[in-house]
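Trainee: I am new to this structure and would like to learn how to read it. Could we go through it together, feature by feature?

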Amino acid sequence: MKRYVSLFGVIVATAGLAVIGTLGGAYLADRTATRQPDPTAAVTGSTGRPSTGSGNADPGHSASPGRSASPGPSASPSQAQPGPRTYRLDRPIYEQASLSVTLVSAETSGGKLRLNLRYRNDSRLAWPVSCPAVDVDLVSSHLTLSDGRTVRPERTWCATTRAVQSFSIGPGEQINSWAVYPVVPEAASSFELSWYDFPTLDVRLR
């Protein structure tokens, strides 16, 4: 999503947010919108080689973890995926001029991590935002795991429901965004969330 902020003629640059004039604009997602889609898999290691790892409703969001039709012959109870879990986080990613973005929670299920975020407008003016094209959106955020791997989302709210759309968050309103990553970080390990052009956030699931 693009982000636009109004500060009545004041020009401010904070963590990549451009505020220009009464109604200035910059990408809420990828500010330049020039990134190209990565043709490799969603999970890469430090060498860049692909790994074999795999508010609004997410059509693919389910409370139950996905299961394959028939487990491989080497499967054992110790290799089974842990059950679904929800972690309440409430970590602010961005707060400026009565506009905020918060990492609300994380859900793990079926070997995947879903991050839920809230965009809140507590100003007196509408907050115009927009979503980029699907291919741009899917390379505009990523996780950096403790072992150095970079993981990009396989689905996002923008790409699924709002691709190439502009809209506004009204005064006192909020929208719920999300992204699903094909990985579950190791228990108690930390990872970094790079959410579009906002400051990087260190996250630990406890």
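Mentor: Gladly, and let us begin with a hairpin: strand 9 and strand 10 form one, with five residues between them. Gly148 sits in the turn and has a positive phi of about 95°. Strands here are DSSP runs of E with at least two residues, numbered from the N terminus. This is a predicted model, in which local features need pLDDT of at least 70 and side-chain atom pairs count only at pLDDT 80 or more, while totals for chains, interfaces and linings use all residues. Residues are numbered from 1 along each chain as its sequence is written, and side-chain values use heavy atoms, with hydrogens and water left out.

Trainee: With which strands does strand 9 pair, and over how many bridges?

Mentor: Two strands pair if DSSP finds at least two bridges between them. Strand 9 (residues 141-144) pairs with strand 14 (residues 190-195) in the antiparallel sense, over four bridges. Within that pairing, His142 stands opposite Ser194. Strand 9 also pairs with strand 10 (residues 150-151), again antiparallel, over two bridges. There, Leu143 has Val151 as its bridge partner.

Trainee: Which residues does Ser146 contact, leaving aside its neighbours within four places in sequence?

Mentor: Contact means heavy atoms within 4.5 Å. Ser146 is in contact with Ser189 and Ser190. The C-alpha atoms of Ser146 and Ser189 are separated by 6.8 Å, although the two residues are 43 residues apart along the chain.

Trainee: What about Thr108?

Mentor: Thr108 lies in strand 6 (residues 99-109). With 7% relative accessibility, Thr108 counts as buried. Not counting residues up to four places away in sequence, Thr108 touches Gly83, Pro84, Arg85, Tyr87, Leu113, Val184 and Leu205.

Trainee: How many salt bridges does a search of the whole structure find?

Mentor: The general idea is that side chains of opposite charge can pair when their charged atoms come close. A salt bridge is a side-chain nitrogen of Lys or Arg within 4 Å of a carboxyl oxygen of Asp or Glu. The search finds six. One of them joins Arg114 to Glu107, with the closest N and O atoms 3.8 Å apart; both Arg114 and Glu107 are buried.

Trainee: Which residue meets Arg120 in a salt bridge, and which one meets Arg149?

Mentor: Arg120 meets Asp122, at 2.9 Å from N to O. Arg120 counts as partly exposed because its relative accessibility is 25%, and Asp122 is partly exposed at 46%. Arg149 meets Asp147, also at 2.9 Å from N to O. Asp147 is partly exposed, with a relative accessible area of 48%, and Arg149 is partly exposed at 27%. Finally, Lys112, Glu154 and Arg155 are linked in a network of salt bridges.

Trainee: What is the mean pLDDT of the chain?

Mentor: pLDDT is the predictor's confidence in each residue, from 0 to 100. The chain has a mean of 74, and 61% of its residues reach 70 or more. Over residues 29-54 the pLDDT is below 50, and this stretch has 46 contacts in the model beyond near neighbours in sequence. Residues 62-78 also have pLDDT below 50, with nine such contacts.

Terms used. Buried means under 20% relative accessible area, exposed over 50%, partly exposed in between (1.4 Å probe, protein chains only).
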